[in-house]
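Please look through the sequence and the structure before reading on.

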Amino acid sequence: MVQKICFVTIGATASFDQLLQAVLSGEFFQALEALKYTHLLLQYGKNGKRFLEELGNINRHGIEISGFDFNTKGLGQEMWSTKAAKDRAEGVVVSHAGSGSILDALRIRVPLIVVPNTSLLHNHQVELAGELSKQGYLVHGHVDDLPSALRDSEAHRKKLQAWPPNSHGADPSGRGLAGVMDEEMGFYD
């Protein structure tokens, strides 16, 4: 059987219980099954393990679930597990709207759903997710309707924009993301 993985990360610094509850809901499992997902992998943070333990008798629609709190080596391996391979169909990354997680997923070039944590103070996450969605890099998801974002990501995978963006036809600095960031910040040689 070919695997198709949905990897969810809530980040390392702030808990995001609403996202965990949304991805462990019957509606989300039903959407995963309809889109032929086989696995749900969760990075659930310091307090999230209880959500897995409390799942109870919810219909998981045949989806295999696993998770962990934090990976000190980063989430690259987990994100790469959503890429298509010999025994795997391309999956999706569902992420909080932290810029580090977003950049990691964009570099790997996998379909990405970004869900801002609107409970944070001075919330820049909504603006970041909205702008990157408008530019075609990701799907802006909401905890109250993740099944819809999952369906949107299936259509979005056909038109993924490459990252880093290239505004001149070639990397102006030859330094990849660092060059793009320097250009965006106005630092020219």
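## Overall organisation

The model is predicted. Its chain contains 8 helices and 6 strands, which follow one another from the N terminus in the order β-α-α-β-α-β-α-β-α-β-α-β-α-α. Of the 189 residues, 46% count as buried.

Among contacts between residues at least 6 apart in sequence, 67% join residues at least 24 apart. The chain exposes about 10,300 Å², and carbon and sulfur atoms supply 51% of this area.

In soluble globular proteins, nonpolar side chains tend to be buried together. Here the largest nonpolar core has 29 residues, and those with the most contacts inside it are Cys 6, Leu 19, Leu 32, Leu 40, Ile 113, Leu 146 and Leu 150. Two or more residues of this core come from each of strand 1, helix 1, helix 2, strand 2 (39–43), strand 4, strand 5 and helix 7. A second, separate core of 21 residues includes Leu 41, Val 93, Leu 103 and Leu 112.

Leu 19 illustrates the packing. Apart from neighbours within four places in sequence, Leu 19 is in contact with Val 8, Thr 9, Ile 10, Val 94, Ser 95, His 96, Val 115, Val 143 and Leu 146.

## Helix 7

Helix 7 spans residues 146–156, and its buried residues are Leu 146, Pro 147, Ala 149, Leu 150, Ser 153, Glu 154 and His 156. These buried residues pack against strand 1 (3–9), helix 1 (17–23), helix 2 (26–34), strand 4 (88–96), strand 5 (112–115) and strand 6 (139–140).

Technical notes. Residues numbered from 1 in each chain as written. Predicted model: local features only at pLDDT ≥ 70, side-chain atom pairs only at ≥ 80, totals over all residues. Heavy atoms only, no water. Buried < 20%, exposed > 50% of the residue type's maximum accessible area, 1.4 Å probe, protein only. Helix = DSSP H or I, 4+ residues; strand = E, 2+ residues; numbered from the N terminus. Contact = heavy atoms within 4.5 Å. Core = buried A, V, L, I, M, F, W, Y, C linked by side-chain atoms within 4.5 Å. Areas by Shrake-Rupley, 256 points an atom, 1.4 Å probe, with all protein chains shown as cover.
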